[in-house]
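Colleague: Please show me the model, and let us then go through the terms used to describe it and the values behind them.

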Protein chains: 2
Amino acid sequence: MLLTFTEENYLKAIFKITERAVKVASTNMVAEQVNTSAASVTDMLKKLSDKGYINYEKYKGATLSPTGVKVATQLIRKHRLWEVFLHDKLKFPWEQVHEIAEQLEHINSDDLISRLDNFLGNPRFDPHGDPIPNSEGKFMLRNQTSLDMVHSGQRVLVVGVTQHSVDFLKYLNQLKVKLGTAFKVMAVTDYDKSITLEKDGAETLTITHQVAKNLLVKFQK
Amino acid sequence: MLLTFTEENYLKAIFKITERAVKVASTNMVAEQVNTSAASVTDMLKKLSDKGYINYEKYKGATLSPTGVKVATQLIRKHRLWEVFLHDKLKFPWEQVHEIAEQLEHINSDDLISRLDNFLGNPRFDPHGDPIPNSEGKFMLRNQTSLDMVHSGQRVLVVGVTQHSVDFLKYLNQLKVKLGTAFKVMAVTDYDKSITLEKDGAETLTITHQVAKNLLVKFQK
DNA sequence: TTACACATTTAGACAAGTCTAAAAATAAGA
DNA sequence: TCTTATTTTTAGACTTGTCTAAATGTGTAA
């Protein structure tokens with residue numbers, strides 16, 4: 001069964017919302033994700049429910065059905081593979097790949113995606129450090145923490161970001177922070193939770209709690 | 001000004017129709033190209049005319065305006081560059097690239113296309129031998145004839161096809177005819193205009209007039 | 001030049017996705 | 001539990017692109 005561009009975006013939105021702590025996607029949450037009105041969302045949820053992609057009860061919100069999950073993870077797979085292509089092959093900076101991948105992810109061809117995956121060397125993470133689901137929709141798991149959970153003295157390696165906005169990524173460029181950057185945590189301020197880090201060499205930088213929350217790291221022994 | 005997927009397809013259709021002998025695209029011709037009804041075409045021609053992309057007079061048919069030509073050639077540029085990508089990088093056979101490129105051509109990003117062009121080594125022809133317009137929309141011209149215009153004794157090199165249907169291209173695969181294949185014309189039958197060719201080595205094959213018409217060749221001295 | 005065939009346009013309708021405004025349901029505080 | 005604030009849904013309308021059926025225009029053969 002063929003889904004429209006729009007339907008696909010709704011499924012992806014619901015997936016994103018229910019991926020973490022939230023178990024059920026509310027109408028308003030979806031509306032914010034797809035940047036539309038709550039009324040439009042209600043209509044679409046009804047439609048997607050009729051088609052079997054989501055479980056939806058009036059006033060109770062929506063979750064993806066198994067079919068819905070499949071569609072959403074395949075979209076994410078396509079999105080992230082295209083991001084790798086744009087970054088690795090076409091040399092786009094990481095802050096520019098998301099927007100173009102939003103278009104490319106809707107291209108319809110299984111053969112295309114499996115060939116692209118191969119061409120790229122079956123990458124397991126995209127340019128932001130997000131895992132790329134395999135063709136069965138399985139994600140690679142990884143031991144990671146957001147940088148606001150660390151303590152003074154710990155050594156960490158940047159492995160991802162939880163925010164893909166151009167502004168945030170450009171700010172990281174400015175700080176010369178990218179995937180693979182290693183830090184030692186020098187201090188965590190009680191007052192505003194800002195964190196002072198020392199880069200591999202000697203440079204020191206201080207970031208706000210806001211920034212730390214959006215940086216994913218893994219611990220180094 | 002942003003065009004919809006559908007509007008772009010109409011402009012491309014009018015371009016294709018008026019590219020050769022026909023000077024004006026009639027409603028029915030467009031309807032056949034975009035695979036829709038004449039009534040729908042009339043509506044769309046009115047709209048595209050209002051927006052300044054075509055010159056259209058009731059009952060007289062349509063031609064592209066300068067802006068329309070620009071849009072259409074950029075679409076063709078994108079289409080053919082993606083075809084090169086699919087064929088050269090992802091190793092799709094030439095009969096499969098068209099369909100996927102029909103989707104990819106609508107992706108919107110000038111930067112993407114200029115990077116893709118570079119990544120591919122600024123190719124000047126697509127996998128079917130069609131010239132790729134440059135970013136100003138200029139086409140490379142080439143001395144070429146369709147194979148039904150040749151005479152016995154002439155030596156030719158296959159440089160293109162005028163038909164991109166999967167069936168036709170698969171038939172050529174079967175005959176082991178591809179871009180760059182060299183032939184000597186052995187005989188042209190008066191009766192049915194079928195042509196007997198000798199391949200570089202020694203193999204001989206006979207093709208119908210229908211096939212010959214759709215093969216583009218250039219002469220070898 | 002008339003008559004007919006064919007091409008084209010108009011009229012009216014429909015589906016998808018959107019909107020605003022109003023109504024209804026739910027949640028939360030006193 | 002009652003009242004109010006917030007969320008969600010419904011109602012009705014609009015846009016885009018499509019359709020069929022009917023009306024109109026154009027071109028050609030007799």
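Colleague: What makes the pair formed by a phosphate oxygen of DNA strand D and a backbone atom of Asn28(A) a polar contact?

Modeller: A polar contact is a pair of N or O atoms within 3.5 Å; within protein, one must be able to donate a hydrogen and the other to accept it, and residues adjacent in sequence count only if both atoms are side-chain atoms. The phosphate oxygen of DNA strand D is 2.9 Å from a polar backbone atom of Asn28(A), so the pair meets the cut-off. This is a predicted model, in which local features need pLDDT of at least 70, side-chain atom pairs count only at pLDDT 80 or more, and totals for chains, interfaces and linings use all residues. Residues are numbered from 1 along each chain as its sequence is written, chains are lettered from A and ligands numbered from 1 in the order in which they are written, and side-chain values use heavy atoms, with hydrogens and water left out.

Colleague: Which side chains of chain B have an N or O atom or a polar atom listed against a phosphate oxygen of DNA strand D?

Modeller: Thr36(B) has a side-chain N or O atom 2.4 Å from such an oxygen, and Ser37(B) has a polar side-chain atom at 3.0 Å.

Colleague: Why are residues such as Tyr56(A) and Lys47(B) described as being around DNA strand D?

Modeller: A residue is near a strand if one of its heavy atoms lies within 4 Å of it. For DNA strand D there are 21 such residues, and Tyr56(A), Lys58(A), Thr4(B), Thr36(B) and Lys47(B) come nearest.

Colleague: Which polar contacts are found at DNA strand C?

Modeller: Phosphate oxygens of DNA strand C lie 2.4 Å from a side-chain N or O atom of Thr36(A), 3.0 Å from a polar side-chain atom of Ser37(A) and 2.8 Å from a polar backbone atom of Tyr59(B).
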